[in-house]
Each structure stands twice: as structure tokens, then as C-alpha cells.
Amino acid sequence: MASWPLRLQGAAPVTPKLVILGFDGVDPRLVERWIASGHLPNLARMKKQGTLCPLGTSSPPNSPVAWSSFATGSGPEKHGVFGFLRRDAKNYLPALAPYTIVPPRFGPAGASPPRAVSHRRGSAFWQTLDRRGIPATLLFVPYAYPPPELSHGRVLAGLGAPDLRFTNSSFTLYTSESAEKMVAGGRVVQLTVAGSSIDTRLEGPRGPGGKPLSVPLELRLDLRTKTLSVGMSGKREKLRVGGRSGWFPVSFEAAGLVLRGRVRFHLLSLAKQLKLYASPIQIDPHAPALPLGAPPGWLEKAVGVHGGLPTVGWAHDTSAVNAGALPKEVFLADLLDTMQGRAELLYREIAARAAGLIVSVFTGTDRAAHMFYRDLKRKDGGPLRKVYSLMDRIVGRVARLLPPKTRLLVLSDHGFHSFDRMLHVNRWLESQGWFTRSRQQAEVRFLRGVSWKESVAYSLGNGQVYANLKGRESRGVVAPGADRRKLLDDIRKRLLDLRDPVGGGRPVRAVYDVYDRAASDVRDRAPDLQLAFAPGYRSSWETSLGGAPVGDALVANPKAWCGDHAASDFSQTPGFIASAQALSHDDPNLIDLANSVLHVFGTPLSGNGRPLL
Ligand SMILES: [Zn+2]
């Protein structure tokens, strides 16, 4: 009789068999360092009782590739996600590799709503379990976007979910200090402060004619009480310097299409200059413009914990720090707060007894390493140690909440290195006679301004090189077969011989063939070569987007973002795995996880991965 109310609600309690906690970009060397110094007691206990060791990662070792390997138990040659970006061979333009976000379109016939399409091939382990009726809860699993539709589970989208401008994340900085400009990952709006009232606007998604839709934003300055009152969409809140607002609902409407979001503000300074940071506009879970997960009812409550979680996948605003729009200490406080919020949701889901499998992923560990890697030289390890300590506390709390027989795995998808120097790969190809710009001394961006009839190779993404191949690229010049092979071999040889004039080191450690190893159904997205950089090096920011600046090919990394891994050598950049029980193999790899999960649930295995449990 005791189970009646639960049955009436359509749910019998489920004891979880397996909980996987993912912490993006956690480096095993740092875990060992801070276990040794006594800062990670819960991971230290797992190591003592069971296993804690490096976890082999994908090539290249970055999140879209690695988490796709985690999900499918296969490498990029099968799942077809080779990096963050791919190029369209028809027009040489960069495109997102794991999925496509199609923003709303406005035409004479009205508006068509936004869409998201996944490009990952292969079946994820949660889909296999779902087909067998095993309920899974997936919280913020990266690059599983759009979120999978599960008949028996709960899903809240992670990395991949865009903001309401349908970008990875774009902030707005309102300031009286600098001129209006677009920056990478955001926009600066100049405020003219004359008197106490400032009327400006918050720009949202693009509407008809490509013009951004916007809503009024009223700012009221009170220098006596040192506060700024922010008013938008019928809500008003007073902020002091250093203060963060709650979520403001906001909606944009055009041609009958209503796009709802939420935004919050940080008041960064007031007296000398007014500086107000507006977060990326989050897709509203109550009326999502693009899917954020399911089932409805649960989703809104899940996003509602901790005063409301960000819904954008890129939840920690690294671009705002890079652009000088967000002080590092504000970024860190916000990151720790979001991590706490995601943990709170996880604790609730464990208590809810709704799933046999829970996978919960935190990305703050990766973002903090990107921004605070230089501070590792400090004796106390800097802010990253605080983030790792929070990870450890989450691990400890989860371990205490779980029933005794539930297995717990803690893992990361890849490790980390410093990022001090960067190679403009297209500029370097040009210096070797393999890449020609249309106009001398004119900077190439998005592979625009390239003389394709004189270029045999080009680069886009993180260390990815393509031959300008006849029959594949629309303006290809290299013959397939021996000519292509010789070109790729020459590029490899000269890259491996490359020396940095500063310090004399070798920036490139290995060059891997990718295209030739890829399955035929994903080959059109594969680069010919993947560069694997030595620690301290990466391909340049400009190269990622198909750029070729003029000047030196090897230069210093100018950004606050000072740690990286995206084009490192996978053999030097493993993640880590911890289990309270010993694992059945002592060289675990990310591609083993899918079959490990299926094995725990007694489900037939697929692919090459070995069960570790
Ligand atoms: Zn990263």
C-alpha cells in the first residue's frame, strides 16, 4: 500500500546502479598534486580504496570530440565529430562540427522558428538503455545537442545549447568608458551619462532583415546611495557595485514569433564610470525557443534550483574575461556559484530515485583552467585549486548520498597544458609556398581573400589542415593520390622540423592523418591532418576561424585565456578516472565508458570499448 501514491504519480522509485560525474578538462597531474597536498580528501579516499588514474582521451583532445567518444564508444573516425569546427568544402566557410543551429528566418510568408540538428553519428549509450526501458537522467552532458529524446529519462542540455541570440554565448557590456563595438563573444554598448536616467536597449536575436530585435532597458543612477536601479520588462531591481541581479524575463517578438529569454546583470562599477554587465540571454525553459531537455514539468523545476541555473551550454563567460568586460574575480565567483547550483540539482536527482543511471557533467573545471592556468605557478595553485576543491566536495557529498551498492565513477574528458605561444598555421603554410593570399599584406579572415588557384593547403579549427583537393574542395587544385600524399608528407615533415625562434623549442609534436582513417560516411567533414602541439603551444585564435594575419607565424598568445588542450597531443593530454572499486583494466580509455555502462545494465555491448566495471 505504501507504494500507492508513487504509482499514482506514474513512478516507482528506482535505485541507481551507476552514477557518473564528469568534470570537463580536469588534469590528472593536478589531481595528484592536490591529493598529495591534502586538498582533495574525497578523491584521495577513492584512490586509496579503488582506482584513480589517467583516462586515455580522443585525438584531438577537446570536448566535442571527447564527449562524443564518451557517448558512442567510438573515435571521431566513426562518430564524425573531428573538432569544434569543420569547413564547408563547397565554400570554405567555417561551420560548427557537432551540430548546426539554424536561427529563426523571416520572410514574406512569415517567420520560421529556430532549429537544431545533430551531426554526431552512432548510438549513444543512453539511447541503447532507453530502448530497453532503463531510465537515465542526463544533466549537462556536453555536446549531446540537441538533447536526446528519451522515453524513460530526464535530460537537461549542456554544452551545445545556445543563448537566445543563437550563439555559443554573447554578453553585453554597458559602459560610459569605451566606444560601441562588437568583440569576440559579446558587444560593448556606450552609455552617455548625463543626469541620473539612462535609457538604452538590450539587443536580442536578429529579426526581419537581419536587424537585431531589442527591448528597452532603463537605468536609474543614485550616487547618494551608490546604487543603480535596473528596469526591464516590468521588473526593477537595485544593484550595488559588485552585486548581481536575479533573472529578468525578456521576450522578443517579430512576425508572430515570440522568443523568450532571461538575463541577469552585474554592476561592475558606478562612481568614475558606469559599467554594467548583462549575461548572455538564456533560453527560457518555460517556453524554450530551442530544446533544453525533457520531460516538461521536470525541466522547468530542474532549471529553477539555486535561484535559477543558466541554460546556455557555455555557462561560464570566458569571452567576457578575454574582452576585459568581466573582472576575473567576478568570473570566478560566478563560476563557483553555477557549479554549486548544478551540484544542488544533482543532489536532488539522486534523492528523487528516478533513474538507474545518472550522468552529471560540470564544465567549470575546464573554464577555470583556461583562464587561471598561469596562476598554477603560485604556491597556493591560484583559483584553479579552489575549483578543484569544490569538485572534490561534490564528489564527497554524492558518495555519501548514494546507496551502498551504487557504483560511482568520476572522470574528465581530457587534461590541460599552458598556452603561451601560438602558430598562425595559414601564415606558416604561406611562408612555405603552400598558401597564397589574393592581395599581399591583406589579412585573411574566414578563408576570405585566399587565391585558391595558387593554394594547395589551408587550415581552420584547432590545428586542422586540409589539402585543397580537386573534386572535394570547390576550387581544389591538388590531384588525389600520389600528389596529395606527397604534399601531406611534406607538410608533416616541415612542421615537425619547425623551431620557435623564441626559446628554440619544437612547437609541433606530431601530425596525424585523419581523413584517410575516417569512415566513408563522415569523411567529407574530416581534415586531412591534425596537428598535435607541444605543451605551451596551440594554433592561433585567427587560424581557428580560417584567418591568416600578416607578420610572424609564431607569436605570443595575447589573451587572458592562458591554458589549453584543444590541439595538444592526445597522448600527452589524458583526462582522469576515479572509482571506489578497482577497474578491470589499468589503461582505461574514454571509449571504454559506453560499454562499461551497458555492461552494468546487462545490455549487449557494441563497438570496441572494453567494460571497465
Ligand atoms: Zn577546454
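Is histidine 306 exposed, partly exposed or buried, and how many C-beta neighbours does histidine 306 have inside 10 Å?

1. Histidine 306 counts as partly exposed, because 14 C-beta neighbours lie inside 10 Å; the classes are set so that a residue is buried if 20 or more other C-beta atoms lie within 10 Å of its own, exposed if 12 or fewer, and partly exposed in between, with C-beta atoms placed from the backbone. The residue sits in the loop between helix H7 (298–304) and helix H8 (318–322). When neighbours within four places in sequence are left aside, histidine 306 is in contact with Gln340, Gly341 and Glu344, two residues being in contact if their C-beta atoms, placed from the backbone, lie within 7 Å. The C-alpha atoms of histidine 306 and leucine 345 are separated by 8.1 Å, although these residues are 39 residues apart along the chain.

2. On the basis of these remarks: this is a predicted model, in which local features need pLDDT of at least 70 and side-chain atom pairs count only at pLDDT 80 or more, while totals for chains, interfaces and linings use all residues. Residues are numbered from 1 along each chain as its sequence is written.

3. On the chain as a whole, there are 15 helices and 34 strands; helices (H or I, at least four residues) and strands (E, at least two) are DSSP runs, numbered from the N terminus. The radius of gyration of the chain is 25 Å, close to the 25 Å that the globule rule gives for 613 residues, so the chain is as compact as a globular protein of that length; the radius is taken over C-alpha atoms, and the rule is 2.2 Å times the number of residues to the power 0.38. The C-alpha trace spans about 75 × 70 × 60 Å along its principal axes. Of the 613 residues, 50% count as buried, and among contacts between residues at least 6 apart in sequence, 64% join residues at least 24 apart.

4. On the domains, whose bounds come from an automatic or database domain assignment, the chain is divided into domain 1 (14–81 + 120–160 + 313–415 + 573–600), domain 2 (171–282) and domain 3 (420–569). The centres of domain 1 and domain 2, taken over C-alpha atoms, are separated by 33 Å, and the contact takes nine residues from domain 1 and 11 residues from domain 2. On the side of domain 1 that touches domain 2, the largest share, three residues, comes from H8.

5. On the eight-stranded sheet, the strands form an open sheet in the order E2-E34-E25-E1-E24-E9-E10-E23, with mixed pairing; two strands pair if DSSP finds at least two bridges between them. Strand E2 (51–55) and strand E23 (293–294) stand at the edges with a single partner strand each, so one side of each is left without a neighbour in the sheet. Helix H3 (residues 41–49) packs on the sheet and touches E2, strand E25 (407–411) and strand E34 (575–579), its direction making about 70° with that of E34; axes are lines fitted to C-alpha atoms, for helices over the stretch in contact, and angles run from 0 to 180 degrees between N-to-C directions. Strand E9 (residues 136–139) and strand E24 (residues 357–362) pair in the parallel sense over four bridges, with alanine 136 opposite leucine 357 in E24.

6. On the three-stranded sheet, which is open and has the order E18-E19-E22, the pairing is antiparallel. Strand E18 (248–254) and strand E22 (282–283) stand at the edges, each with a single partner strand, so one side of each lacks a neighbour in the sheet. Two bridges join strand E19 (residues 257–263) to E22, and glycine 261 has isoleucine 283 as its bridge partner in E22.

7. On backbone geometry, the peptide bond from tyrosine 145 to proline 146 is cis, with omega near -5°, and proline 146 lies in the loop between E9 and strand E10 (154–156). A cis peptide bond also joins alanine 294 and proline 295, with omega about 0°; proline 295 is found in the loop between E23 and H7.

8. On positive phi values, serine 233 has a phi of about 50° although it is not a glycine, and serine 233 is partly exposed, with 15 other C-beta atoms within 10 Å. Leucine 447 has phi near 55°, a positive value in a residue other than glycine; leucine 447 is buried, with 22 other C-beta atoms within 10 Å, and lies in the loop between helix H12 (425–431) and strand E27 (457–459).
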